[in-house]
Amino acid sequence: MSKPDKRRRGARCPQCSKATDLTPDNPFRPFCSERCKLIDLGAWAAESYRVPIVEDPTDPDEDTEQQRS
Ligand SMILES: [Zn+2]
């Protein structure tokens, strides 16, 4: 984030760090390919799904785990 790499040339894919094209010619920018874009979106989605899930201390499964030990 502190890297001043906003140049159009020499940019790197945030997913695989390969050289990527940030011009409008690249529909997947700032990623180098659709694959990297999907991977990143998938990771982001996974993160966002995790956030709202808070472990419930009254979860019956967890209760069973504690009794087991
Ligand atoms: Zn990539």
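Two residues count as in contact here if their C-beta atoms, placed from the backbone, lie within 7 Å. With that in hand, this is a predicted model, and in its chain 8% of the contacts with a separation of 6 or more come from residues 24 or more positions apart.

Now the overall picture. The chain has 69 residues, and buried residues make up 7% of them. It contains 2 helices and 0 strands. The helix α1 covers 34-50, and the residues I will talk about are in the segment before α1, among them alanine 11.

Serine 17 has 10 C-beta neighbours inside 10 Å, so it counts as exposed; the cut-off for that is 12 or fewer. What is its phi? The value is about 65°, which is positive, although serine 17 is not a glycine.

The last item is a peptide bond. Arginine 29 and proline 30 are joined by a cis bond, with omega at about 5°. Proline 30, too, is found in the segment before α1.

Why mention these two backbone features? Because most residues other than glycine have a negative phi, and most peptide bonds are trans.

Terms used: Residues numbered from 1 in each chain as written. Predicted model: local features only at pLDDT ≥ 70, side-chain atom pairs only at ≥ 80, totals over all residues. Helix = DSSP H or I, 4+ residues; strand = E, 2+ residues; numbered from the N terminus. Buried ≥ 20, exposed ≤ 12 C-beta atoms within 10 Å, placed from the backbone.
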